[in-house]
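Dear colleague,

I am passing on to you the structure we spoke about, and would be glad if you could look it over alongside the notes that follow.

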Amino acid sequence: MNQRANRVRLPCQDPTLEIEVTDDGSRTLINKATGDSYHSSSGAISETRQVYLRNSGVQERLSSGQATRVLEIGLGTGMGMFLTVDHAIKHGTPLDYVALEYHWLSADVVRELAPESWVDNTAVVADYIRWRSSVPESQLPCGQLPNSESAEPKLTSEFRWHAGEHQVVQIQLVDALRWRHEGESFDAIYFDPFAPDTNAELWQTPMLAVMYKLLNMDGRFVTYCVKREVRDRLKAVGFDVRKIRGPEGGKREVLVATRH
Ligand SMILES: C[S@@+](CC[C@H](N)C(=O)[O-])C[C@H]1O[C@@H](n2cnc3c(N)ncnc32)[C@H](O)[C@@H]1O
């Protein structure tokens with residue numbers, strides 16, 4: 001049953017977005033024009049912890065001190081990034097976090113989501129907000145993305161945030177379909193674009209085949225979407241695909257695809 005109508009919605013600094021208070025009390029964003037939500041309304045933080053941190057094996061790797069490289073498709077609010085960085089710092093584990101995004105949210109919008117309530121180490125969030133605020137909007141290619149070839153070389157599209165002594169976040173402002181990924185490899189992929197109805201191309205075989213190639217052996221691709229056609233495409237490109245139980249009160253099943 002869709003209970004979304006009963007959830008609290010708040011205005012956002014960005015007039016194209018609205019804030020939603022999800023069922024676990026954490027906030028997410030809704031695109032007003034398309035209705036796309038950045039997280040599950042049943043609980044943004046519950047979803048992020050389970051579907052991305054736990055199911056990917058990243059939480060376990062970081063807890064046991066294994067240096068880890070994560071690729072996130074769709075940085076969005078930064079919730080997945082903050083939780084991962086927070087965990088890495090807590091355990092003193094090296095982390096390389098690469099996030100692709102073509103609509104980088106401003107520090108003001110992120111601040112409105114109360115991100116300090118997502119993490120143990122609130123100084124990390126404060127540092128990100130400071131760092132994001134220091135990036136001049138004039139440097140960003142966002143206005144021209146996703147389809148402008150000509151604007152990109154003149155503008156900076158890669159930003160590095162040194163979140164901790166051994167934890168680096170690289171934000172690539174790029175259409176994920178056009179990202180130059182030569183030489184890259186990851187232990188886990190948080191695949192979190194909007195749903196296939198909105199972000200259709202990202203869920204097609206060519207993109208999923210790239211995701212497969214980018215993973216190290218036994219690396220995991222995790223996502224919230226368990227649609228039959230997506231699972232079939234993932235299997236076709238070589239993944240071992242499993243549906244597993246979703247977060248408490250949220251989606252019944254979510255997806256883990258492993259490269260063996
Ligand atoms: C569901 S939200 C991601 C939520 C995010 N993981 C978080 O923790 O807040 C999807 C994000 O993917 C981004 N996106 C959609 N299509 C994209 C594309 N082709 N290239 C880069 N980013 C894209 C959107 O701008 C949006 O921020």
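How far is a nitrogen atom of the ligand from an N or O atom in the side chain of D175? In this predicted model, the separation between that ligand nitrogen and the side-chain N or O atom of D175 is 2.8 Å. The protein buries 97% of the 600 Å² that the ligand exposes when taken alone.

Two further polar contacts deserve a look. A nitrogen atom of the ligand has a polar side-chain atom of D192 at 2.7 Å, while an oxygen atom of the ligand is found 2.5 Å from an N or O atom in the side chain of T77. Both T77 and D192 are listed among the closest of the 21 residues that surround the ligand, together with G74, E101 and A176. By class, this shell consists of nine nonpolar, eight polar and four charged residues.

As for the site itself, the ligand takes up the space of the largest pocket, which holds about 1100 Å³. This pocket is lined by 47 residues, of which D36, S37, P193, F194 and A195 are the closest to its centre. Strands β4 (68-73) and β5 (95-101) each contribute at least two residues to that lining, and the lining as a whole divides into 16 nonpolar, 20 polar and 11 charged residues.

With best regards

Definitions and conventions: Residues are numbered from 1 along each chain as its sequence is written. This is a predicted model: local features need pLDDT of at least 70, side-chain atom pairs count only at pLDDT 80 or more; totals for chains, interfaces and linings use all residues. Side-chain values use heavy atoms; hydrogens and water are left out. A residue is near a molecule or strand if one of its heavy atoms lies within 4 Å of it. A polar contact is a pair of N or O atoms within 3.5 Å; within protein, one must be able to donate a hydrogen and the other to accept it, and residues adjacent in sequence count only if both atoms are side-chain atoms. Accessible areas come from the Shrake-Rupley method with a 1.4 Å probe; for residues, only the protein chains shown count as cover. On a 1 Å grid over the protein atoms alone, a cavity is a set of points where a 1.4 Å probe fits but cannot get out, and a pocket is an open set with protein on both sides within 12 Å along at least five of seven lines; lining residues have an atom within 4 Å of a point. A molecule sits in a cavity or pocket if more than half of its atoms lie within 2 Å of its grid points. Ala, Val, Leu, Ile, Met, Phe, Trp, Tyr, Cys and Pro count as nonpolar, Asp, Glu, Lys and Arg as charged, and the others, Gly among them, as polar. Grid points are joined across faces, edges and corners, and a volume is the space filled by probe spheres set on the points. Helices (H or I, at least four residues) and strands (E, at least two) are DSSP runs, numbered from the N terminus.
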